[in-house]
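Here are my notes on the helices, in the order I'd look at them. Have the model open as you read.

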Amino acid sequence: MAEATVTSVPRSSARGAPETGYGSRSYRNYILGILLTVYIFNFIDRTIINILTEPIKESFGVEDWQMGLLGGPAFAILYTFVGIPIARFSEKHHRVWIIAGSVFLWSLMTVLCGFATSFIALFIFRIGVSIGEAGCSPPANSLIADYFVPAERSTAVSVYALGIPLGGMVAYVFGGYIVGSLDGPIIGALLASWNWTWAVNALDWQNIEGWRVAFAVVGVPGLIVAAIVKLTIAEPPRGYTDPVEMQNREQVGFREVLRILSQKPAYWHVTMGVTIASFVNYGVGQFFVSFLIRTHELSIFDASVKIAMALAVMAAIGTYMSGYLADRYAKRFPKALALIPMFALIGVIPMHVTGYLAESLWLAVPLMMVGQMLLYTYLCPLYAVPSGVVDSRMRATAVAVTLFIVNLLGYGLGPPLIGGLSTILNATFLSGLDPALTLEACKASNLTAAAQGACNTANADGLRWSMVLFKCLYLWAIFHFYMASRTIQRDMGR
């Protein structure tokens, strides 16, 4: 632990030059690639629960509101409260070690989710995932700011933020494939064909569902990524690429960070805009595969691999382009970091609402793809603005404060509230179709064809209209991005 505490070294003694970035360009690109990989695994392990909602509901016999708790508060509460202490710790200590340890912890907890014997146990392991993931983004964004010069940071941050849509895409592909074609009996038969008797006898393979296998398959590779981070990423001097006038080695207290942020109105408006967008996005995302299964009668494989993956590709394009355009046109349009997501969200609302209400997938999917590309332009400001309004002494803390607000309100409230609304609307539509039916009655296995049809219709419509109503909240986010555009040039020193 000799390197546990890191002090800044003289700028002249570090590799590379402050005017171009820390290390060679190829090494900087490698670092960005590794951090992107870390963030991809971060979101694979975070969002895999979205794909597995339906089979987990069936295994434990729970409702949408309970799955909303599993997808939201189980992850968001400790993720937000642990994030700031970890960020403060990373302002003074080895950021690479913190990231590597975090990857190891959340990957291990993801694997353990597959071994949960009850809904409560799964809830606890999800909390473990959240604690690990809390140590990822604050130190990672601090590293990016020290490796890349200010003129390249928005692009670099947008590449890092690609981990969100790409992680979701990988989770959809592997989660959908594994649940659809790989479960305990298949693995047990494969092990038996190899004469691995010890492995066959290790677990009761005949009773292991596919969703359990999915957790293990996506969690194990993260343990390897943790080792790669520790062995190949160098800790750069803090503030290495900052302008000379921003160089200050004096440590800053948490209250001072909040005082400085309080003087940056653009920061708070961007944070609120991102929080509202995340509230909607996390809420809808928790149940999107369920929406495709219930409304368009797709299998988990078709819903996650063929459609959700296509939307994730479009989201990745929107994420990268927002940062690239913000850097490319920074001098001509210094307000771009606020205006790009503002105008994009204006287009998202009609695209997504029309897509959710469309009966034909041939109409719905193209509309949702365009909307998804526009939507994810909000991710670049999520990291670029908090890192840009403060200096190197407080970047990890500023990002952590932002993530505290975004995840506590967005991730913590979005999934359970849309799940609760879906349950309420489901019951309302059900009573309108057949007053004798209840949500509990719909769980029975001996329903008539008419009663089962009414249950399925109410279940689908309740979720569909919940998603439509949530999408209208983007109007609130649009207002905050507009307000941010009025002062963002001054607040970021442009």
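1. Start with α19, which has a kink of about 35 degrees at leucine 413, shortly before proline 415. The bend at a residue is the angle between axes fitted to the seven residues ending there and the seven starting there. Helices here are DSSP runs (H or I, at least four residues), numbered from the N terminus. This is a predicted model, where local features need pLDDT of at least 70, side-chain atom pairs count only at pLDDT 80 or more, and totals for chains, interfaces and linings use all residues. Residues are numbered from 1 along each chain as its sequence is written, and side-chain values use heavy atoms, with hydrogens and water left out.

2. Now the packing. Helix α7 (residues 137-147) meets α19 at about 140 degrees, with the axes 8 Å apart. Axes are lines fitted to C-alpha atoms, for helices over the stretch in contact, and angles run from 0 to 180 degrees between N-to-C directions. That angle makes α7 oblique to α19; under 35 degrees counts as roughly parallel, over 145 as roughly antiparallel, 65 to 115 as roughly perpendicular and the rest as oblique.

3. Which residues of α7 and α19 make the contact (heavy atoms within 4.5 Å)? On α7 they include Pro138, Pro139 and Asp146, and on α19 they include Arg395, Val399 and Leu403. By class there are seven nonpolar, three polar and two charged residues.

4. Helices α16 (residues 336-357) and α17 (residues 361-375) come within 8 Å, axis to axis, and cross at roughly 155 degrees. That makes α16 roughly antiparallel to α17. Among the contact residues are Gly347, Met351 and Tyr356 of α16, plus Leu367, Gly371 and Leu375 of α17. The tally is 11 nonpolar, six polar and no charged.

5. Finally, α14 (residues 265-296) and α19 have axes that come within 8 Å and cross at roughly 35 degrees. Their contact divides into 17 nonpolar, 11 polar and one charged residue.

Technical notes: Helices (H or I, at least four residues) and strands (E, at least two) are DSSP runs, numbered from the N terminus. Contact means heavy atoms within 4.5 Å. Ala, Val, Leu, Ile, Met, Phe, Trp, Tyr, Cys and Pro count as nonpolar, Asp, Glu, Lys and Arg as charged, and the others, Gly among them, as polar.
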